[in-house]
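Please prepare a briefing for someone who is meeting this structure for the first time.

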Amino acid sequence: MKILGSFEELVLLAVGSLGDQAYGVAVKDLLEETGGKKPSIGALHSALHRLEEKGMLDSWIGGATSERGGIRKKYYSLTPIGKKALQEAHDVRAKLSINIQGLNLG
Amino acid sequence: MSKPLPKPPRLAELFLEWYCHPEILEILQGDLHELYYRRIGTIGLTRARLCYYRDVIDNCRPYAWGKAKSSSPNFMDMFINYVISAWRNMYKRKQFSLINILGLSIGMAACLLILQYVNHQKNFDTFHTDLDRLYRLNLGMSEAGESEVTYRAANHPAAALALKKDYPQIQETARIVDVAIFMGSSVLSHKPEGGTPITFYEENMYVADPSFLKMFSFPLVNGELETALDHRDNIVITERLAQKYFGEEDPMGKTLSLNGAINLTVTGILQDLPQITHFEINALFSSHVFSDGINNAWIWPEFHTYVKLLPEATVEDVEGQLDGFVNQYLGDVMEEFAIREAMTLQPVQDIHLHGNLLKEIKETGNQRTVSFLILIAFMILLIAWINFINLSTSRSIERASEVGIRKVVGAAKENIILQFLTESAVMNGLAIGFAVLMVVLISPYFNRIAGVEIISGSWFRQVLGEWSTWQAMLILFLGGTFLAGLYPAFILSSFQPIKTIKGHLYQAGQRVHFRHVMVVFQFVIGLSMITGTVIVFKQLSFMRSQELGFNMEQLLIVKAPSIVDSTGAERANLFREQLLQQAQIQQISYSSDIPGYNIQNINTIKRREENIEEGFFATFLNTDEHFFSTYQIELVAGRGFLEEIETDINAIVLNEKAVGLLGYSSPDEVLDQIISVKTNSWHDLKVVGVAKNIHNQSLAHGQLPFVFFNGRGFGYDYLNIRLNTEDIHETIANVEKTYGEVFPGNPVEHFFLDDYFDKQYQADRKFGRVFTLFAVLAILVACLGLFGLASYISSLRTKETGIRKVLGASTAQIFLLLGKQFLWLIVIATIVGIPLIWWGGNEWLANYAYRVKLNLWVFVLPVTSFFMMTALIVFWQSSKAALVNPVKSLRTE
C-alpha cells in the first residue's frame, strides 16, 4: 500500500469531489472553503504532480478559455488506485477512531 | 471592454519561465495568472503583485525544474561512445592518423615556436618600473627644403637639461653618451698591487647622468644607486667587467684607469644587462665630467636622451610643445646649417621593434620580420589543417556505411557532426601534446639560429611557463578542432543512409574539385617558401660576391694605441718601419675609420661659390698617405696624399659619387678646385685626387659621397696592415710582438677586415636560417598530406589498375595514370605561384640598395625539386598498385 500524506489525502478528496472540474485553482479554492486551510499554490502543484507520479491521479489538458487569456488548464481526476488509497486511509481512520469515547464519526 | 488589467510582474515571469519545464510552464502560469487577476480585485494590485512573486518563488520546486530533463538522458554514454569509436578509427587506420596528427603537430609546433619568439621580441624593455612614463627623445633632421627626415636615437647635449627646466610635466631626464665619441677606442686597466696591469679594449662604455640609474631598472649588485655616479671620477662596471679586471677581489673603491691617463674609482657593480633591452652597457662614467660648455651645447647630437614624465602628464601634451621647444633653442642653428630639426618622444618599450633609427645603441628588432614570421607560422598551420580536411573527406567513403548505420539506428545529423568533431578533438588533442614535445626539442636549436638568449630556467619551463603559451595552445586546439573538423563533419553527416548502405557511393565532382583547390593552395605555399629561401640566399651571396672597390683579403686591422704620450707620432712611424721590414707585410696605413659600419663623421660640403642650399652631406675619412695603396683603392684622377707636400693638410681626395653630386662632369675637371666644408665654420680645401667609389657598408646600403683628408699623424684609430703570406699565425704573432714593443702598456686587438665586414650580413643570415627552418617544416607538412592523399587514391584504384594490367597496360602507363592528376596540380600551382613569389620577392629585395635581379631561373630549382618530390611520393605510393600482381589485387572481393 502506498503511504498517503495528510495533505495529499485532502488534495485527493478535493479532486474527487470536484468531478471533472478539478484543476489547480479550483482545488485550492475548495480546500480553502471547506477546511479553512490555505495551501500555497506551490505546495498544491507539487502535491498534484507527486500524486500523478504515484498513479493516484490522472490528468488531461483542457481546451483554452477566454477566462485565462487563452491559457489552457490541466484537469485532474481520481484513478482507481487513488480511490483505493482514499478508501484505505479512511478505513484506517475508522478502525482507529472507533474506540475513542465521545467521538462520532458516522 | 475595459482597459486590460496590468500584467504580472515581468521579473517574476522571467524567473518562472527560466526555471520551469516547458511542459509544466503553461499549466502553472495559467493557475498563477488566474489567482493574480482575482487577487487584484480582492486585495489590490500591489499585494497581488507581491503574492505573485511569492507564488513564483514558492513554486520553484524540483518537480517543476525542467532543464536537465530536456537533454537526452544518455548523452554521456554517447559521448564516451564517440571517443571510443574515434580511438578505434584512429587505431584501425594508423598511417592516416599518424600523417594527420604529425602534420597538425608540426603546424602547431611552428606556431608555438614563433609565438615564443614574438614574446621574446615584445618583452624588450618591459621590465622597467614606471614603463608607461619612460620615453626616448628622438631627433629628426632633414636638409632644408627636402622632405626626407632622418631620425636619430641621440640628441643634443643640452636638450635634456633644457627640457627638464622648461616643462614641469617632466619628472626627470637622463642622458647617456658613448665614450668612443670622445676618445675613439678606449682602454681600461687595473694595476693590482705588485702585479702586472690587466688591460683591455672596452666597448659600450657610456657617460651617464646620475639620474640614469634611477630611471631604468638595472639593479646594482653592489654600491648605492643614488650616489654611484655623483662624482666625476666615478665608474660603475658590470659584473662581467668586475670579474675580468678584479677576479675574486672586491672591486668597490678600487681604481681603474682609462687610456692610462684618467683614474676612476669603482663605485658600483651593475648586474649584467639582460638581452631584452635596447641598452648595451659595460661601464658607466659620471656626466659630471662634462663642462657647462658641453652641457649647454646645441650641436653634436650624440647623447641618447630619456625622459620620465610625471604620472599625471600626458605624452601628447609634451610632444605637442616640442616644435616650439626646437624653434626656441635650435632656431639659429637650423638657419646657420640650413637644416630642419624636430623632436619626438618614443616609448622606451617600442624602441626594440619600432626603433631602428640612426645611432641605435644596439641592433634593434624588426616588426616586419616578426609579422612575417607570424604569417609563415599561420601558413604552416593552414597546410596542416588542409591536410586534415582533405584526408578526412577523402576517407568519407570508408566511413559512409558507419554513418548510414548510425543514422538508421536513430542518430540525427547533429549527433554525427558531434561524433566527427569529437574525433577531430581527439586528434587535435594528441597533436598539441606532440607539438609541445617538438617545441621542447627544437627550442634550443631555434633559439640559437634566431639569436634568442634564454637567461634562466629549463627549456621546458620556457615553453610551458608562459601563460600566453597555454592560451595559444587552447586556441590552436579549438581552432584545429572546429576549423579543420567542421567541414568533414558536415560532409560526412550529410550522407543519406539508404544510399550509403545500398552501396551508392558517389564522389561528388564538386568535392573532388574543392580538394584539388586545397592541394594547389598547399603547393603554392610550399613553392613560395622554397623559392623564398632560394631568393634570400641568392641575395646574400650576391652581396658578398660584389666588388667593393677595395681589397679586403688579407687586410689585418689593429686598433691604434689608446695609451699614448707626446712620442705617439714617432712611435707610429717606428712601428710602420719595423713591420715593413718583414717580407710578409706589404703595406701599412693609419686611418680614423674602417669599412664595415656607418661612419659618423659627416659634414656638409659644397663648391666654394655656391650657396649652402646646394651643399650635401659627405662622409669624412681621415687617412694617412698610404691608405689608398693599402686598401688598393684605385685613383681615377690626380694623386693621393704625399708626406713631402706640406700643404696636403688642406688637401682632399673625393670619390666619384662626391664629384658627381658637386656637379662636375668628369674627375679631371674637379682637380685643383676649392671645396668648402662646413664644420664649426667654413673651411676651404683643395681637391688633389679622385678615388673610385667604395662600398663602405654592406650592399644593403647605397654608396656614399666620400671625402678623404690627411690628418698628418692625428686622429687615427686603426692600423690597416696588408699581408702577403701563407703563414697567417706567425705574421700575426710578429705584429703583436712589435706592437707590444713599440706601444708598451697597450693591449693589442686585431681582426681581419673580411670577417668584420661580413658581420653586417649576420641579421640576413639569421633571417635566412629561420626562414629555411620554417620552409622545411612547411614542405614536410605538405608532403605528409600529399603522401596520405596519394596513398589513399592509389589504394582506391587497386582494382582498376589490376584490370588495366590484365588488359595489357604497362607499368609506366599505370604510373602515369595515377600520377597525372598530381602533376597537373603542380603545374597549376606553379602558374599561380610565380607571380605571387615574384611580387613578394621584389618587395623583400627593395630593402637592399644592391640586389639580385629576379629572373625565371630562380624558380627552376624550387619547381623541379618540388616536382621531383611530388613525383617521388606519388611514384612510391602508386607502386603499391602498379607493381602488384593483378592476381592479388583482383582476387579478393
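In which loop of chain B is the place of Asn204(B)? Asn204(B) sits in the loop between β5 (198-202) and β6 (205-208) of chain B, where helices (H or I, at least four residues) and strands (E, at least two) are DSSP runs, numbered from the N terminus.

This is a predicted model, in which local features need pLDDT of at least 70 and side-chain atom pairs count only at pLDDT 80 or more, while totals for chains, interfaces and linings use all residues. Residues are numbered from 1 along each chain as its sequence is written, chains are lettered from A and ligands numbered from 1 in the order in which they are written, and side-chain values use heavy atoms, with hydrogens and water left out.

**Chain A**

- Chain A contains four helices and two strands, and along the sequence these follow the pattern α-α-α-β-β-α.
- Of the 106 residues of chain A, 42% count as buried, where buried means under 20% relative accessible area, exposed means over 50%, and partly exposed lies in between (1.4 Å probe, protein chains only).
- Among contacts (heavy atoms within 4.5 Å) in chain A between residues at least 6 apart in sequence, 51% join residues at least 24 apart.
- The accessible surface of chain A comes to about 6100 Å², of which 54% belongs to carbon and sulfur atoms; accessible areas come from the Shrake-Rupley method with a 1.4 Å probe, and for residues only the protein chains shown count as cover.

- The size of an interface is often given as the accessible area lost when the parts come together.
- Chain B and chain A bury about 1600 Å² between them, 56% of it on carbon and sulfur atoms, this buried area being the accessible area (1.4 Å probe) that two parts lose on being put together, summed over both.
- The contact takes 17 residues from chain B and 19 residues from chain A.
- One salt bridge is found across the interface of chain B and chain A, the term standing for a side-chain nitrogen of Lys or Arg within 4 Å of a carboxyl oxygen of Asp or Glu.
- Arg38(B) forms a salt bridge with Asp29(A), and the closest N and O atoms of the pair are 2.7 Å apart.
- On the side of chain B that touches chain A, the elements giving two or more residues are α2 (22-43) and α3 (45-58) of chain B, and α2(B) gives the most, with 12 residues.
- The residues of that side of chain B divide into six nonpolar, three polar and eight charged; here Ala, Val, Leu, Ile, Met, Phe, Trp, Tyr, Cys and Pro count as nonpolar, Asp, Glu, Lys and Arg as charged, and the others, Gly among them, as polar.

**Backbone angles in loops of chain B**

- Most residues other than glycine have a negative phi, and most peptide bonds are trans.
- Asn204(B) has a positive phi of about 55° although it is not a glycine, and at 18% relative accessibility Asn204(B) counts as buried.
- Asp125(B), also not a glycine, has a positive phi near 60°; Asp125(B) is placed in the loop between α6 (94-122) and β1 (134-143) of chain B and is buried, with a relative accessible area of 0%.

**Salt bridges in chain B**

- Over all chains, the count comes to 33 salt bridges.
- Arg406(B) forms a salt bridge with Glu402(B), the closest N and O atoms being 3.5 Å apart, and because the two residues are four apart in helix α16 (residues 396-409) of chain B, about one helical turn separates them.
- Arg406(B) is buried, with a relative accessible area of 17%, whereas Glu402(B) counts as partly exposed at 22%.
- A network of salt bridges links Arg399(B), Glu402(B), Arg406(B) and Glu423(B).
- Glu800(B) meets Arg797(B) in a salt bridge (2.9 Å, N to O), and Glu800(B) meets Arg804(B) in another (3.0 Å, N to O).
- Glu800(B) is partly exposed, with a relative accessible area of 27%, and Arg804(B) is partly exposed at 37%.

**Two helix residues of chain B**

- Gln877(B) lies in helix α31 (residues 857-883) of chain B and is buried, with a relative accessible area of 0%.
- Leaving aside neighbours within four places in sequence, Gln877(B) is in contact with Gln95(B), Phe787(B), Ala790(B), Ser791(B) and Ser794(B).
- Ile834(B) lies in helix α30 (residues 811-845) of chain B and is 307 residues from Leu527(B) in sequence, with 8.8 Å between them in space, C-alpha to C-alpha.
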